[in-house]
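Please look through the structure shown here together with its sequence. The report that follows takes up selected residues and elements in turn.

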Amino acid sequence: MMKPFQYLLLAYLFFGNIPPTLSQDVFAVQGLCIAAPQPGSLDEFIDFAKKELAPNGINTLVLRVDYRYEYDSRPELRGENALSKEQVKKLVSGCKEVGIEIIPQVNLLGHQSWHSKATKLLELYPEFDETPNIKLPENYEWPNEDGLYCKSYCPLHPDVHEVVFDLVDEIVEVFEAKAFHAGMDEVFYLAHEDCPRCHGRDPAKLFADEVRKIRNHLAQNKIRLWIWGDRLIDGAETGIGMWEASMNNTARAIDMIPKDVVISDWHYERADPTPAYFATKGFDVVACPWRIPEVAKKQVEMMADFKANSIKKMADRYLGVMHTYWSSAERFMEAYKDPSHTLDEKGRSPVLTFRAMTAAIQEKEKN
């Protein structure tokens, strides 16, 4: 007997190339996920949003803020090059003028370190570390004996949410946000044997409980939660593997979390048809490319096909597409001026991929 994901894959293979018949804006979300600009380039970024992003159809910015804001509630967690409240308000106002909604992101649960450096949270609150016995190496390499990619905070620590929810509440308020992105991707450390609270527990339930806790906290103020979708996909059953899907038993969490969570479904090497999986499970979903232009084009085509060939209840769940850029806003703006030099040794370019995505959307709108 075929499994649900296999049925979805066959459905896409048979029906995925039927031309969509959409007569208005193709997608509700035409987005860009990027690091928040540094204070010194704020005016340049606002100008870029007005002159380049909005005219190319971008209506949603997921801004990776993390600790780069001058928090009043937790000033000890202010990072370098932090934006002030006045600067954020200027950014919000400038984006509103051209119809761009900002969704701030602070990574929760996972991504609490990068290479050999802990984030401000674990640096100042080391007791929150899920894996205290695994030390950050002086020179990071992957793979390694500890399976260390990024550290996680322990979701069962009794004090962790008091701290992180202070950040969440403040960042949502200053950005006047209707939604908040909690990250939660690539969580490799969960239910780890080093953790006296999590060891031996079901990773899927731990992950789902954390999603639900964050979602319920935000819902008190009618703020919608967005997360990355990789931990909700079975990496073995789909063959997608450990990065863009889960190989550490968190995938069953998809049946344990509220359906109003928005899934950012990132796939960078192929246009995997997993948005249909999330939509069938009842979630709104956004497909996310990165650095291969052809993949971005196929994701636009795929999402438009799904919308055009679904009943309204399902069609409405395919929110759109969002390009992801994993360097600074400053580098993106510089590369945007002349993307020809951004190609890597394999001919990949995040900037050219962004341009391919927006061009593909515009072509859909013309048709």
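Predicted model: local features only at pLDDT ≥ 70, side-chain atom pairs only at ≥ 80, totals over all residues.

Gln 105 is placed in strand S3, which covers residues 101–108, and its side chain is joined to the side chain of Asn 107 by a polar contact of 3.2 Å.

## Parallel strand pairing

Strand S1 (residues 29–35) is mostly covered, with 7 of its 7 residues buried. S1 pairs in the parallel sense with strand S2 (residues 60–64) over 5 bridges, and within this pairing Cys 33 stands opposite Val 62 of S2. S1 also runs parallel to strand S10, to which 5 bridges join it; here Val 29 has Gly 320 of S10 as its bridge partner.

Strand S10 (residues 318–324) is largely enclosed by the rest of the structure, because 7 of its 7 residues are buried. Strand S9 (residues 285–288) pairs with S10 as well, in the parallel sense and over 3 bridges. Gly 320 in S10 is the bridge partner of Val 286, and Gly 320 is likewise the bridge partner of Val 29.

In soluble globular proteins, nonpolar side chains tend to be buried together. The largest nonpolar core in this model holds 100 residues, of which Tyr 153, Ile 171, Phe 175 and Phe 180 touch the most other members. Helix H5 (residues 160–174) provides the largest share of this core, with 9 residues.

Ile 171, leaving aside its neighbours within four places in sequence, is in contact with Val 65, Tyr 69, Tyr 71, Pro 104, Val 106 and Phe 180. A second, separate core consists of 14 residues, including Ile 103, Trp 228, Val 262 and Met 322.

## The largest pocket

The largest pocket has a volume of about 1800 Å³. Its lining comprises 46 residues, and those that lie nearest the centre are Arg 64, Trp 114, Trp 326, Ser 327 and Ser 328.

At least two residues of this lining are supplied by each of S3, strand S4 (113–114), strand S5 (117–118), helix H4 (120–124), helix H11 (329–337) and helix H12 (350–366). H11 gives the most to the lining, with 4 residues.

## Backbone details

Most residues other than glycine have a negative phi, and most peptide bonds are trans. Against that background, the peptide bond from Trp 142 to Pro 143 is cis, with omega near 0 degrees, and Pro 143 is placed in the loop between H4 and H5.

His 115, although not a glycine, has a positive phi of about 55 degrees; this residue lies in the loop between S4 and S5, and at 35% relative accessibility His 115 counts as partly exposed. Lys 222, also not a glycine, has a positive phi of about 60 degrees and lies in the loop between helix H6 (203–219) and strand S7 (224–228). With a relative accessible area of 77%, Lys 222 is exposed.

Note on methods:
Residues numbered from 1 in each chain as written. Heavy atoms only, no water. Buried < 20%, exposed > 50% of the residue type's maximum accessible area, 1.4 Å probe, protein only. Pairing = 2+ DSSP bridges. Polar contact = N/O pair within 3.5 Å; in protein donor to acceptor, adjacent residues only side chain to side chain. Core = buried A, V, L, I, M, F, W, Y, C linked by side-chain atoms within 4.5 Å. Contact = heavy atoms within 4.5 Å. 1 Å grid on protein atoms, 1.4 Å probe; cavity = no way out; pocket = protein on both sides within 12 Å on 5 of 7 lines; lining within 4 Å. Points joined across faces, edges and corners; volume = space filled by probe spheres on them.
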